[in-house]
Structures are given as structure tokens and as C-alpha cells.
Amino acid sequence: MKVLHLDENHPILIQKLSDFGFQNECDFNSSKEEVEKTVEQYDGLIVRSRFPIDQTFLKKAKNLKFIGRIGAGLENIDLETASKLGIVCYNAPEGNRNAVGEHSLGMLLALFNKLHTADHEVRNGLWQREENRGIEVDGKTIGLIGYGNMGKAFAKKLKGFDCKVIFHDLKSGLQDENASQVTLEELQQQADVLSLHTPQTDLTIGMVNEDFINAFAKAFYLINTARGKAVVTKDLVTALRNKKILGAGLDVLEFEKSSFTSLFENDTMPPEFKELISMKNVILSPHVAGWTIESKYKLAEVIADKIIKNHG
């Protein structure tokens, strides 16, 4: 089988596929339109998020049998069209779930202990101990929305703390030794912290809005390592301003490009983002929760193994 790689990944991916007789070709620079001219030559496609794999693209990939996405989300692929055309789509949430769990925990601990502001102050000659007094995870209720690979990984990390972990998910029967399943209303009544672990779907886009935030019984902290469009930034800023949300750790942003390569589709910085980045109780990272040295290897290995198992 002939496989086209559209993004650079860990070499273990090409190595494993080559060992099983796959022919690998790489094109990391051509435009979507240029790739469309040759994609019918390939049986398989390996992507991250360089450009959308839409209906137009898929209809030109007349011999395509599978797409492997190095990552967890599949929103950049037209799954409905792929299914109709008999193209199997693979993702690899198993490969970076541990990284996301650790990053989520790191953001939570940094927010609770004001590590980002304390570090900045000390570097600038300020020694403000009382102003940087933190709070502890012990005794808190951590609420997760989404209990797939990423949510479960975060819950596992929290097991070492004396805290209560609850989650809401559209699927039932997911409760395990690390977290209890509750309704959304129960989560909003109990949570001191909300952490998002949802895919991007019509249901989750704009999910965390003014009404959603105000339905929480207590002021809470927000962690988002899932998808930026789940949170309405304007409403988040308002909630931070009025202390309904006490702090936010955001690895993803509403305004990042669909390719996840940079901020903003144009050069204009939205006013709500300007205000967000000025707030001391906000920690930001550039969509790297799942990007560790270890996950780069594991993501590639997981995709290779799935392809070999089903097409080797």
C-alpha cells in the first residue's frame, strides 16, 4: 500500500509501516489544491491538522482506504463523507492522554498556588508572600465534562489528592474507581473546578457561555485542554471580571486557527482576548497539553499499530 504523509511526525511511524511493506511518501509543503491533484495515487493518508480533509478532497482521493490522524480530534476530517466512501479514519487519543492529564494537573496546581504571578514578581524584585498565598486541591470537588481518554487520564492523576472527582458525559455507565458520574446539574451544583475534556462537535461549540457559567452554584476555576471553541471568550472574561470564575488555565483558545498553528485567522486581536491576557488569574499555553517528547513517539506508534492491524 502507498501512504502519503502530509505532516512530519516521529520517525517510528514510517519505520513501522515500512517494516510491514507499506510504501511511504512525504509532502509537508504542498498546498491542499496541489495535493488534491495527486492524492488518487495513494491508499493511505497520514495527517495532523495542516488543512481540512473535506468532501472535495476526499472525492478526489479515489483509492484512499484509510486516514490516520496523529492526535485525538477528528474535526478536521469530513467523517460523514469518508464513511460513505469507505475510508476508515483512525485517531490516537491513547498516545497523548497521559500528557494531557499531566498538563491539566499542572495548570490546576499553578493556578491554585499562583506560581505564574509569583515567579514574575520575584524576577522583578517583589517578595509578596501573603498576596501569593495559595489554596489546596485537598477537599475540593473537581468536575470533568467528557470522560474519554483525556478525562480518565486527568482523573487518574487526581487520585493521589484527597479530593472528590465527578464527571458528566453523554454516554452512561462510565463511572470507575477514579471518578463518579453525575448529571450536568449535579456537577454545576458541586464543582469547585471545571475541566473540559470534550471533542469539538455541534453540541460543544460555545458550550461554556454566560448561561452555563451562571448555572454553577459556586465560583469555580476553569481548565480547558480540549478545544478552544468550547468556551465563549467574551463570557469567560465577564465571569473572571465578576469573580464567578476565579481563574482559568487555557491550553486552547476560541481564536486559534483550525490548523492549530497560530492565533487568529487575521491580524486583528479581539478585544476580549486583549483583556484575557491582561488578567493575572489566567494561565495560557499554545495548544501543547498533548505535546510531550513521549507523546510524539506514542501518537505515531498508536497510529502505525492501528493501520498495520487492519491493513497490513
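Two strands count as paired if DSSP finds at least two bridges between them. In this predicted model, strand β7 (residues 164-168) and β8 meet that criterion, pairing in the parallel sense over two bridges. Phenylalanine 167 has glutamine 181 of β8 as its bridge partner.

This pair belongs to an open sheet of seven strands. The strand order is β8-β7-β6-β9-β10-β11-β12, and the pairing is parallel. The edges are formed by β8 (180-181) and β12 (282-284), each of which pairs on one side only. Strands of a sheet pair through backbone hydrogen bonds, either parallel or antiparallel.

Strand β1 (residues 2-5) pairs with strand β2 (residues 23-26) in the parallel sense, over four bridges. The chain passes from β1 through helix α1 (residues 12-19) to β2. This β-α-β crossover is right-handed.

The cysteines were examined next. The count of disulfides is zero. A disulfide requires two cysteine sulfur atoms within 2.5 Å. For cysteine 26, the closest cysteine sulfur is that of cysteine 89, and it lies 20 Å away, so the distance is too far for a bond. Cysteine 26 has a relative accessible area of 43% and is therefore partly exposed. Cysteine 163, at 18% relative accessibility, counts as buried, because the cut-off for burial is under 20%.

Rolling a probe the size of a water molecule over the atoms shows where empty space is left. The search finds two cavities of 30 Å³ or more.

The largest cavity has a volume of about 50 Å³. Its lining consists of Asn224, Gly228, Val231, Thr233, Leu236, Leu250, Val252, Leu253, Glu254 and Leu276. By class, six of these residues are nonpolar, three are polar and one is charged.

The second largest cavity has a volume of about 40 Å³. Ten residues line this cavity. Those nearest its centre are Arg69, Gly73, Leu74, Glu75 and Asn76. The lining of the second largest cavity divides into three nonpolar, three polar and four charged residues.

Notes. Residues numbered from 1 in each chain as written. Predicted model: local features only at pLDDT ≥ 70, side-chain atom pairs only at ≥ 80, totals over all residues. Heavy atoms only, no water. Right-handed = clockwise from strand over helix to strand, strands pointing away. 1 Å grid on protein atoms, 1.4 Å probe; cavity = no way out; pocket = protein on both sides within 12 Å on 5 of 7 lines; lining within 4 Å. Points joined across faces, edges and corners; volume = space filled by probe spheres on them. Nonpolar A, V, L, I, M, F, W, Y, C, P; charged D, E, K, R; others polar. Buried < 20%, exposed > 50% of the residue type's maximum accessible area, 1.4 Å probe, protein only.
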